[in-house]
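Student: Could we go through this structure together? I would like to start with the strands.

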Amino acid sequence: TLAGRRMCPLGWLGVASLCLGTLWAVPAKERRKAEKPKADLTLYENLDLDNYDLALDNYGDILDLSNYEELYDYGDLVPKIEVGTLAPRPKDPETLPELGETTAGTPKLQPPSGAGPVPPAPIPGQGELWLPSCLLCLCLGTSVYCDDADLEQIPALPPDTAYLYARFNRIGAIRAGDFAGLEKLKHIDLSSNSISWADVDAFRLLPSLQELLLPENRLTALPELPHSIVRLDARLNRIPSAGLRPEAFRDLKQLQFLHLSDNQLDFIPVPLPESLRSLHLQNNNIQTMHEDTFCDSQDHGQIRRALEDIRLDGNPINLSLFPNAFFCLPRLPTGRFS
């Protein structure tokens, strides 16, 4: 009938409302459980999350450092890097100390199994170990950087050291054994210390030494130098002529740069090797020179081409009084000619 057709939509509407009401009657928590797919717990069976505690005790177990290698060799770089004084830990994992716990909970250093005891601290004058120098300084390849490290003496150095930088410290003396056995050492820079004395054999037995830099110290005498020396810089010290050995530079056939300015010299240290290229003696007390200081007065055909940089300014000497001393030089010395 017409009335029955009108009530049919209303009946369907009632059934739909009843279904929706039943659905919303289910708790929201159960609905979320039903909607969320079940996780595959087999993926996490092998994870030991209880022991995942990143600390110094298990750091080596979590990160494998055994394959770490130094990729660059810094020994041949031009040594002009300014660095701090904090040393890195040794590269070899077998030399790394492990941290163990005492009964009181305070960590203590223990040697790794099979690696032997940790080296003791050095005793001055009683066979120092070189390891402490890499704790005080920065050991990088064959270079050791000890600048501004508050040192009072030369530290014991690794046997393969080729470059040493120990500037701006309080080193007062250089002992005979400070560089003993360092056959690869070729560059020493001890600028701006308080060095007043150096043993006569402190550098003589270094077969590879090429550069020795000692400016801004308190030296009153120069020690004997090895024949391999190429550059000597002892500016701004207190060295008189009596502080140089007789003919101190004659046998140094590889010496090219001799800088002794701002000292207390009263004559030019002769004879000078033919290899010399640069001689700086400014601001001393030089008052006279001999005709054979630079040239052989008996050989007027001599030409000394290498020696082209001579500084004698700041000395009480009139260079024009010694014209025969310069005839073999490619350039006249810098100084007063009137």
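Student: What is the order of the strands in the open sheet?
Tutor: The nine strands run β3-β4-β5-β7-β9-β10-β11-β12-β13, with mixed pairing. Strands are DSSP runs (E, at least two residues), numbered from the N terminus, and two strands pair if DSSP finds at least two bridges between them. This is a predicted model, in which local features need pLDDT of at least 70, side-chain atom pairs count only at pLDDT 80 or more, and totals for chains, interfaces and linings use all residues. Residues are numbered from 1 along each chain as its sequence is written, and side-chain values use heavy atoms, without hydrogens and water.

Student: Which strands stand at the edges?
Tutor: β3 (138-140) and β13 (309-311) do; each has a single partner strand, so one side of each lacks a neighbour in the sheet.

Student: How many bridges join β3 to β4?
Tutor: Three, and β3 and β4 (residues 143-145) run antiparallel. Cysteine 139 is opposite valine 144 in β4.

Student: New topic: how many aromatic pairs are there?
Tutor: The structure has four. Rings of Phe, Tyr and Trp (its six-membered ring) pair if their centres lie within 6.5 Å; planes under 30 degrees apart count as stacked, over 60 as edge-to-face and the rest as tilted. One of the pairs is tyrosine 145 with tyrosine 165, stacked at 5.0 Å centre to centre with 5 degrees between the planes.

Student: Where are those two tyrosines?
Tutor: Tyrosine 145 is in β4 and tyrosine 165 in β5 (residues 163-165), 20 residues apart.

Student: Are they buried or exposed?
Tutor: Both tyrosine 145 and tyrosine 165 are buried, where buried means under 20% relative accessible area, exposed over 50% and partly exposed in between (1.4 Å probe, protein chains only).

Methods. Helices (H or I, at least four residues) and strands (E, at least two) are DSSP runs, numbered from the N terminus.
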